[in-house]
Amino acid sequence: MSKSYITTPLYYVNARPHIGHAYTNIIADCLARFKRLCGSEVFFLTGTDEHGEKIRKVAKLSGKEPQEFVDEVSANFKDLWQKLNVEYDFFIRTTFDFHERIVQEVIKKLHTKGDIYKEKYKGFYCVPCEAFWTAIQVKESGGVCLDCKRELEVIEEENYFFRLSKYQSWLISYLKENPEFIKPSTRYNEVLSFLENNSLEGLCISRPKKRLSWGVEFPLDNNYVVYVWFDALLNYISAAGYNQDEERFKSIWPADYHFMAKDILRHHAIFWPIMLKALEIDLPVTIFAHGWWNFEGEKISKSRGNIVNPLELIKDIGVDSLRYFLLREIPVGGDGSFSWKAIVNRINSDLANDLGNLVFRTLNMAEKYFSGRISSSSPAVPREFREVLSEIEGSYKGLMDKAEFNTVLEKIFKFINVMNKYIEETKPWALWKAGEKEKINIFLYSLLEGIRIVSIYIWPVMPFTAESINGQLGIKSRELRIENAGWGLHGDFKVKKEKPLFPRIDVS
Ligand SMILES: [Zn+2]
């Protein structure tokens, strides 16, 4: 049996989850469900990043101990994943004991190899971001923090560094030999060109306790804690059993997909592969950076106060509509505009008019003409369906594997529209008047079979909808497997119509 290890980044718990977090996890969940649909053994990991001075400060502001605070915020993330129907296999928190122990073991191991050194360092430091910036970066940014645009402090202190430079030329050749390692290709080109045009400096992986106390204790020197990013990235191996259960680790690692937003690509595409190489661990298969949702041209970020609360959106439009909108509207690697108008358009036209209406009127006819019992006496694919259906069959797996969900959905909805047109052109009401019962039975069987196949294909994107359709068709949900997507694999139908799947949203 094939395996798939799929990860999301660990979300930083200094604030509540927003739509950007929801987007990453929906992408990862859709891919994980696709792999399960194909019978793959999936390990889907998400979690929270809980260390750092920012968290200690926010906790203090709300009158809480850091641990109490991170317990609460981390629970908010779990709650959101449950409401979004994101079915992860493990939720890791960087404050888990086993994870902290692995972080310390890794540092000792790298130190023994000579990849960690101590040095007096003078650098540009952003206190709120806990980030050091190099002189080149600061010159480019005009003297402010590259992340939050705040003023920087010049700090001089001794710290521990990870020798990135030792592996730079190795990483360049690795990227050249593996052009599929970073996706989409625009991001691959960016990383490669950055590496070819800049010399990597040592990565500062310690923070003195006098400045920052909420973190994993630095194993070589108890005056320091570990830099949050170095700590957080290691979750991908600690959660998979590294240095704890070698057999399990071998069965899960390497990760097949690391998903993340493009602003943290460099951590994943430069630091992380070098950390793994230094530890003599195989590299992940694909690092996939998705784009940003813009709200009237603004990137969603906490610091600019532009959050759309996903919990409110679920209440307003429903989980599957939100999942559909996010995955259908833009390709995973691109940026998109998030607007109420765009959401309403998608729901009313694709979901209510096309899919919802197809299911409702087909089942309505099945009940009206045959009390819901449709026999499978003639299971040939109608001529009208052939081309569009074989196009989906031929491309579905390949496109889903590349996370090209929007293209897949476009093809599936083309088929849905062909079925709607088939109803208009066949005019079953006229056939009924003419007493053509056999013809109507064949016609309805074709539509039900088409809808059944659609429900399998859309399950990764809209699990509730697919399961509801299956329920109405009288099919058990265990039949939601890709090998059941062939035509004519279902016998007689006994259907039971429910209320329309997607109520139209009032535009006014
Ligand atoms: Zn900053």
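Two residues are taken to be in contact if their C-beta atoms, placed from the backbone, lie within 7 Å. On this basis the predicted model shows a contact between helices α14 and α18, in which Leu358, Val359, Thr362, Met365, Ala366, Tyr369 and Phe370 of α14 meet Ile440, Asn441, Leu444, Leu447, Leu448 and Ile451 of α18. By class, the residues of this contact comprise 11 nonpolar and 2 polar members, with no charged residues. The axes of α14, which covers residues 340–370, and of α18, which covers residues 437–458, come within 10 Å and cross at roughly 145°, and the crossing of α14 past α18 is left-handed.

Ile392 belongs to helix α15, which spans residues 383–401. When residues up to four places away in sequence are left out, Ile392 touches Lys411, Ile412, Phe415 and Tyr457. Ile392 counts as partly exposed because it has 18 C-beta neighbours inside 10 Å, a number that falls between the limits of 12 or fewer for an exposed residue and 20 or more for a buried one. Ile392 and Phe360 are separated by 32 residues in sequence and, from C-alpha to C-alpha, by 23 Å in space.

Helix α11 comprises the 14 residues 265–278 and reaches 19 Å from its first C-alpha to its last, which is close to the 20 Å expected at 1.5 Å a residue. Within α11 a kink of about 30° lies at Phe271, shortly before the proline Pro273. The helix is mostly covered, with 10 of its 14 residues buried; these are Leu265, His268, Ala269, Ile270, Trp272, Pro273, Ile274, Met275, Leu276 and Ala278. Just after α11, Glu280 adopts a positive phi of about 60°.

Positive phi values also occur in loops elsewhere in the chain. Asn243, although not a glycine, has a positive phi of about 60°, and is located in the loop between α9 (235–238) and α10. With 15 other C-beta atoms within 10 Å, Asn243 is partly exposed. Lys427, likewise a residue other than glycine, has a positive phi near 50° and is found in the loop between α16 (405–426) and α17 (428–433). Lys427 counts as exposed because it has 12 C-beta neighbours inside 10 Å, and a residue with 12 or fewer is assigned to that class.

Lys120 is located in strand β4, which runs over residues 116–126. Lys120 is exposed, with 8 other C-beta atoms within 10 Å. Between Lys120 and Asn364 there is a separation of 244 residues in sequence and of 76 Å in space, taken from C-alpha to C-alpha.

Note on methods: Residues numbered from 1 in each chain as written. Predicted model: local features only at pLDDT ≥ 70, side-chain atom pairs only at ≥ 80, totals over all residues. Axes fitted to C-alpha atoms, helices over the stretch in contact; angles between N-to-C directions. Helix = DSSP H or I, 4+ residues; strand = E, 2+ residues; numbered from the N terminus. Left-handed = near helix turned anticlockwise from the far one by under 90°. Nonpolar A, V, L, I, M, F, W, Y, C, P; charged D, E, K, R; others polar. Expected span 1.5 Å × (residues − 1). Bend = angle between axes of the 7 residues up to and from the residue.
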